[in-house]
Each structure stands twice: as structure tokens, then as C-alpha cells.
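Student: I would like to learn how to read a fold from its strands, core and charged pairs. Can we work through an example?

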Amino acid sequence: MPHQGFPRCLRLLNAGDFSHVFEQADLKVHGKGLMALARMSTRGYPRFGLVVGKKNVKRAVDRNRFKRLVRESARLRQHHLPSMDIVILAKRGAQDIDNETLSRQLHGMWKRLQRDAQTVPASPPLDGVTRDA
């Protein structure tokens with residue numbers, strides 16, 4: 001069984017990493033209350049980032065629950081996803097989704113990203129430099 005941790009190297013950590021995905025997203029997957037933007041990379045493993053704003057999810061407890069569930073889902077699916085940088089955005093109404101529904105939606109999003117990634121060529125890392133921590 002592969003390692004199931006969620007180390008720093010599997011996360012988008014700075015503004016440059018996020019803007020790299022936002023500027024030229026190869027894939028967009030929409031769901032109820034959330035959206036995923038992805039950009040192919042050559043790192044050999046997926047990296048994940050979360051954007052959960054106060055404007056869309058008012059209460060801190062709801063933002064934290066959303067982030068916790070997305071991180072857990074990403075942690076469990078990391079070995080099934082291709083090499084890409086993925087940003088999950090919370091949209092209005094994300095706080096109204098119950099845990100089971102959110103987990104199902106995330107599972108479907110990972111499957112769609114996995115399927116759609118086969119048609120997109122890999123793009124080189126930002127500035128040709130890999131930032132493994």
C-alpha cells in the first residue's frame with residue numbers, strides 16, 4: 001500500500017504556484033458549490049491548493065469543514081491522479097453541501113480530472129524550476 005500522507009510537496013504553497021494554475025488552466029471541472037482548475041505538470045505527482053473565501057462561505061467553521069474534507073479526499077486519491085497542479089475553489093452555496101454529498105462530488109471531480117488529463121499534454125514547471133520541499 002502506498003504512503004497516504006499529505007506532505008508539503010503535495011500542496012500549492014505560494015501565490016506563484018496558484019497564479020501559474022489560474023493564468024492557463026488546462027482543465028476546468030464544475031460541481032455544485034465548487035470548481036476545480038488544473039494545469040498539467042512534469043513533476044510526477046499531483047499538487048493541491050484550496051481557495052475558500054469569506055465572500056462565498058461566511059462562517060469559519062464552514063470554511064474549515066470544506067477544507068478538511070477536500071484535503072482528506074485529495075490525500076486518499078493522490079496516487080490515482082496524474083501529474084498536475086489542482087486548485088479547488090469554493091463557490092457560493094458550498095456551506096450548504098453536507099459531508100457525504102461533498103465527498104461524492106469530489107470523487108466524481110477526481111475521476112473527471114483523471115479522464116480528461118489523458119487528452120492534455122504536460123506543461124513544464126514554473127520557470128523550469130521544481131520547488132520540492
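**Reading the fold**

Tutor: Start with strand E4, which is covered on both faces: Met-84, Ile-86, Ile-88 and Ala-90 are buried on one side, and Asp-85, Val-87 and Leu-89 are buried on the other. Keep in mind that this is a predicted model.

Student: How many residues of E4 are buried?

Tutor: Seven of its seven residues, so by the cut-off each has under 20% relative accessible area. E4 is mostly covered.

Student: In what order do the strands lie in the sheet?

Tutor: The order is E1-E2-E4-E3, in an open sheet of four strands with mixed pairing. E1 and strand E3 (47-51) are the edge strands, each pairing on one side only. On average, neighbouring strands are turned by 15° against each other, direction ignored.

Student: Which way do E2 and E4 run?

Tutor: They run antiparallel and are joined by seven bridges. Find Ala-36: its bridge partner in E4 is Ile-88.

Student: And how many bridges join E3 to E4?

Tutor: Five, and these two strands run parallel. Here Phe-48 stands opposite Ile-86 in E4. The chain passes from E3 through H2 to E4, and this β-α-β crossover is left-handed.

Student: What do the helices touch?

Tutor: Take them one at a time. H3 lies across E1, E2, E3 and E4, and runs at about 25° to E2. The other helix, H2, packs on the sheet and touches E2, E3 and E4. The direction of H2 makes about 165° with that of E3.

Student: Now the core. What is the general idea?

Tutor: In soluble globular proteins, nonpolar side chains tend to be buried together. In this model, the largest nonpolar core has 30 residues. Leu-34, Phe-66, Met-84, Ile-86, Ile-88, Trp-110 and Leu-113 touch the most other members.

Student: Which elements give two or more residues to this core?

Tutor: They are strand E1 (27-31), strand E2 (34-40), helix H2 (60-77), strand E4 (84-90) and helix H3 (99-116). H3 gives the most, with five residues.

Student: What does Leu-113 touch?

Tutor: Leaving aside residues up to four places away in sequence, Leu-113 touches Leu-27, Val-29, Ala-36, Ala-38, Met-84 and Ile-86. Another core, of seven residues, lies apart from the largest one. Its members include Leu-12, Phe-18, Val-21 and Val-87.

Student: How should I read the charged pairs?

Tutor: Side chains of opposite charge can pair when their charged atoms come close. The count here is seven salt bridges. One of them joins the side chains of Arg-47 and Asp-17, at 3.7 Å from N to O. Arg-47 is in strand E3 and Asp-17 in helix H1 (residues 15-23), so the pair ties together parts that are 30 residues apart in sequence.

Student: Are Arg-47 and Asp-17 buried or exposed?

Tutor: Both are buried. They also belong to a network of salt bridges that links Asp-17, Arg-43, Arg-47 and Asp-85.

Student: What about pairs within a helix?

Tutor: Look at Arg-104 and Glu-100, whose closest N and O atoms are 3.2 Å apart in a salt bridge. They are four residues apart in helix H3, so about one helical turn separates them. Arg-104 is exposed, at 52% relative accessible area, and Glu-100 is exposed at 56%.

Student: How does the pair in H2 look?

Tutor: Arg-75 and Glu-72 meet in a salt bridge at 2.8 Å, N to O. Being three residues apart in helix H2, they too are separated by about one helical turn. Arg-75 is partly exposed at 22%, and Glu-72 is partly exposed at 35%.

Technical notes
Residues numbered from 1 in each chain as written. Predicted model: local features only at pLDDT ≥ 70, side-chain atom pairs only at ≥ 80, totals over all residues. Heavy atoms only, no water. Core = buried A, V, L, I, M, F, W, Y, C linked by side-chain atoms within 4.5 Å. Buried < 20%, exposed > 50% of the residue type's maximum accessible area, 1.4 Å probe, protein only. Contact = heavy atoms within 4.5 Å. Pairing = 2+ DSSP bridges. Axes fitted to C-alpha atoms, helices over the stretch in contact; angles between N-to-C directions. Right-handed = clockwise from strand over helix to strand, strands pointing away. Salt bridge = Lys/Arg side-chain N within 4 Å of Asp/Glu carboxyl O.
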